Amino acid sequence: MATHNRAMLNKVTLIGAPTDIGAGARGASMGPEALRVANIGPILEGHGLEVKDRGNLSGPANPWLPPTDGYRHLPEVAAWNRLVHDAVYEELTGGRMPILLGGDHCLGLGSISAVARHCRDTGKKLRVLWLDAHADFNTSALTPSGNIHGMPVACLCGFGPQELIEIGGQVPAISPKWVRQIGIRSVDPGEKRFVHEQGLEVFDMRYIDEMGMRHAMELALATLDANTHLHVSFDVDFLDPEIAPGVGTTVPGGPTYREAQLCMEMIADTGRMGSLDVVELNPALDVRNKTAQVAVDLIESLFGKSTLMRPKV
């Protein structure tokens, strides 16, 4: 199955985006360093990957202000996402796989808009796996907080302020039909209606409880082919807080460690992953960097570490 361009898969670039500009709690800005402390670079090198760490992008500080016209920190969020877009796009153009170390999930907007642009350049189809407790499909009309980390999927699909929806050079950057959301368990009522109206495919925790992670992932990964670029946007609050307490918005009842491992191993089995976000890790709320270590362990599985004992067929 894994017939992906191995040259690209073997060259990865770490891009730190140390900001909590779109979040409701401080601390996600320390996420990139926590992932480095958990040895993300050396561990990936141990799997035969050529790892380049570009260090951290440098963007505006978090002014920690209330919302203006329904958005908190819109100019700063736009600036950070432009930086992320340019950095991710540069790596893809150079034939490398970008791994965005967040930072909060508003940064998925810059990352995925860059991936979508690269897919337009190269004539590839795009599939986005959104691993998250939240649908992140809010608009300023739907959310009272104005925190933009709850809006990136909506912005990517063309629903949001001009400063954000135009970052990738085309509006909308993606179609909702390209997105598969996994592990969702916290969605506002208005947001739920909007998700249904736009036709996002959501494998929420009820679905995973009833049908199992294997079935959910088989459907989420169905119809991938050699011309598909798979982008994984991994919000660490996807995981159950028992195993990953270091996030700003914990929601009980997430995937177990084994379910998360299966999810990552099935993604790895496709051989199609071409880019990755790791976001919302908040070391200020963690216990001895436990959440960063679990995240790195799961990322390792995305690159082929397997618990499988039987021979692969």
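Student: Which residues does E91 touch, not counting residues up to four places away in sequence?
Tutor: E91 touches T13, I15, K52, R54, R96 and P98, where contact means heavy atoms within 4.5 Å. This is a predicted model, in which local features need pLDDT of at least 70 and side-chain atom pairs count only at pLDDT 80 or more, while totals for chains, interfaces and linings use all residues. Residues are numbered from 1 along each chain as its sequence is written, and side-chain values use heavy atoms, with hydrogens and water left out.

Student: And where is the place of E91?
Tutor: E91 belongs to helix α4, residues 74–93. Helices (H or I, at least four residues) and strands (E, at least two) are DSSP runs, numbered from the N terminus.

Student: Is E91 buried or exposed?
Tutor: E91 counts as buried, at 3% relative accessibility. Buried means under 20% relative accessible area, exposed over 50%, and partly exposed in between (1.4 Å probe, protein chains only).

Student: Turning to the rings, how many aromatic pairs are there?
Tutor: The count comes to five aromatic pairs. Rings of Phe, Tyr and Trp (its six-membered ring) pair if their centres lie within 6.5 Å; planes under 30 degrees apart count as stacked, over 60 as edge-to-face and the rest as tilted.

Student: Why is the pair of F137 and F159 edge-to-face?
Tutor: Their ring centres are 6.4 Å apart and their planes are at 65°, so the pair is edge-to-face. F137 lies in the loop between β4 (125–131) and α6 (152–156), and F159 in the loop between α6 and α7 (162–165), so the pair ties together parts that are 22 residues apart in sequence.

Student: How do F137 and F159 count by relative accessibility?
Tutor: F137 counts as buried, at 0%, whereas F159 counts as partly exposed, at 29%. Ring pairs also link F137, F159 and F194 into a cluster.

Student: Now the cores: which residues touch the most other members of the largest one?
Tutor: In the largest nonpolar core, of 50 residues, these are F234, L239, I267, L276 and F303. A nonpolar core is a set of buried Ala, Val, Leu, Ile, Met, Phe, Trp, Tyr and Cys residues joined through side-chain atoms within 4.5 Å. Helix α12 (residues 290–302) gives the largest share of this core, seven residues.

Student: What lies apart from it?
Tutor: Another core, of 44 residues, lies apart from it, with V128, I148, M151 and C155 among them.
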